[in-house]
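Subject: Structure handover and notes

Dear colleague,

I am passing on the structure that we spoke of, and below it you will find my notes on what was found in it. Please read them with the structure open beside you.

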Amino acid sequence: MHSDKEGKGGTATPIAESDSEIEHEPGEKNVSRQMSESSLYTTEDEEEDETHNKIELGPQCTLKEQFEKDKDDESLRRWKEQLLGSVDINAVGESLDPDVKILSLEIKSPGRPDIVLPIPEGGKPQCPWFTLKEGSKYSLKFSFQVTNNIVTGLKYTNTVWKTGLKVDSTKQMIGAFSPQSEPYTHEMPEDTTPSGMFARGSYSARTKFLDDDNKCYLEINYTFDIKKEWLAT
């Protein structure tokens with residue numbers, strides 16, 4: 001995973017980053033069955049898993065309150081300044097809750113023009129949202145902006161179905177980020193599309209961006225195709 005943050009002034013790292021390995025559920029490849037619309041929604045088991053895995057944090061406070069705490073401790077003050085970087089404390093407001101806005105999404109593939117994915121209103125883009133060539137390498141790159149407060153445990157999840165049966169489930173922890181005017185940019189590790197007659201066809205999927213409170217900042221339900229060749233550009 002590329003854990004760097006890219007901004008106008010160069011690169012920087014997020015405040016904190018957990019295990020960056022992508023998690024895939026085993027045994028979810030090359031299967032098919034009659035499509036079920038209910039597959040597009042989170043199951044009760046998945047909801048329970050997310051609830052059980054939720055980390056209980058201490059009382060929330062605004063970023064300004066955090067900064068004002070222990071202000072007489074010089075070493076702690078310098079550490080907070082280093083942690084928050086160029087954040088304008090007076091500009092972030094008094095909100096307890098962070099806000100994350102996904103600004104752009106694009107698929108990168110070596111030797112190919114980037115596929116820019118328009119972020120749909122209501123979370124449902126036109127069908128198919130994009131088309132990939134079988135056996136091709138690709139990665140997802142996105143930019144996002146954080147406001148109000150520090151977001152912790154920001155993560156990306158993606159679940160894929162083919163004809164109603166789940167064939168892939170991905171979860172990646174991105175990290176913790178402080179609010180700032182410049183957007184953060186993150187690129188997922190490179191992956192390879194499946195290949196072969198049974199891999200080609202139409203897929204349905206759901207992507208989410210959540211934090212460690214399971215607050216969802218963007219959910220997209222979409223379809224995509226895997227074909228023998230790239231579409232003509």
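Asn-148 is found in the loop between S7 and S8, and its phi is near 80 degrees, a positive value in a residue other than glycine. With a relative accessible area of 26%, Asn-148 is partly exposed. Please keep in mind throughout that this is a predicted model.

Thr-163 also has a positive phi, near 45 degrees, and this residue too is something other than glycine. Thr-163 lies in the loop between S8 and strand S9 (165-177), where it counts as partly exposed at 29% relative accessibility. The C-alpha atom of Thr-163 is separated by 7.9 Å from that of Ser-202, although the two residues are 39 apart along the chain. One further point about the backbone concerns Cys-127 and Pro-128, which are joined by a cis peptide bond with omega at about -15 degrees; Pro-128 is found in the loop between strand S5 (115-117) and S6.

As for the protein as a whole, it has 3 helices and 13 strands, and buried residues make up 38% of its 233 residues. The accessible surface comes to about 13600 Å², and carbon and sulfur atoms account for 48% of that.

Next comes the interior. In soluble globular proteins, nonpolar side chains tend to be buried together. Here the largest nonpolar core has 32 residues, and the members that touch the most others are Leu-105 and Phe-144. At least two residues of this core come from each of strand S4 (99-108), strand S6 (130-133), S7, S8, S9, strand S12 (201-210) and strand S13 (216-227), with S13 giving the largest share, 6 residues. Leaving aside residues up to four places away in sequence, Leu-105 touches a list of residues that includes Ile-115, Leu-117, Trp-129, Leu-140, Phe-142, Phe-209 and Ile-220.

The last topic is charge pairing. Side chains of opposite charge can pair when their charged atoms come close. In this model the count comes to 3 salt bridges, and I take them in turn.

Asp-114 forms a salt bridge with Lys-108, the closest N and O atoms being 3.2 Å apart. Asp-114 is partly exposed at 36% relative accessibility, and Lys-108 is likewise partly exposed, at 23%.

Lys-133 forms a salt bridge with Glu-229, and here the closest N and O atoms are 3.7 Å apart. This pair links distant parts of the chain, for Lys-133 is in strand S6 and Glu-229 is in the segment after S13, 96 residues apart. Lys-133 is partly exposed, with a relative accessible area of 26%.

Glu-134 forms a salt bridge with Arg-200, with 2.9 Å between the closest N and O atoms. Glu-134 lies in the loop between S6 and S7, while Arg-200 lies in the loop between strand S11 (191-192) and S12, so the pair ties together parts that are 66 residues apart in sequence. Glu-134 is buried, with a relative accessible area of 14%, whereas Arg-200 is partly exposed, with a relative accessible area of 28%.

With best wishes

Terms used: Residues are numbered from 1 along each chain as its sequence is written. This is a predicted model: local features need pLDDT of at least 70, side-chain atom pairs count only at pLDDT 80 or more; totals for chains, interfaces and linings use all residues. Side-chain values use heavy atoms; hydrogens and water are left out. Helices (H or I, at least four residues) and strands (E, at least two) are DSSP runs, numbered from the N terminus. Buried means under 20% relative accessible area, exposed over 50%, partly exposed in between (1.4 Å probe, protein chains only). A nonpolar core is a set of buried Ala, Val, Leu, Ile, Met, Phe, Trp, Tyr and Cys residues joined through side-chain atoms within 4.5 Å. Contact means heavy atoms within 4.5 Å. A salt bridge is a side-chain nitrogen of Lys or Arg within 4 Å of a carboxyl oxygen of Asp or Glu. Accessible areas come from the Shrake-Rupley method with a 1.4 Å probe; for residues, only the protein chains shown count as cover.
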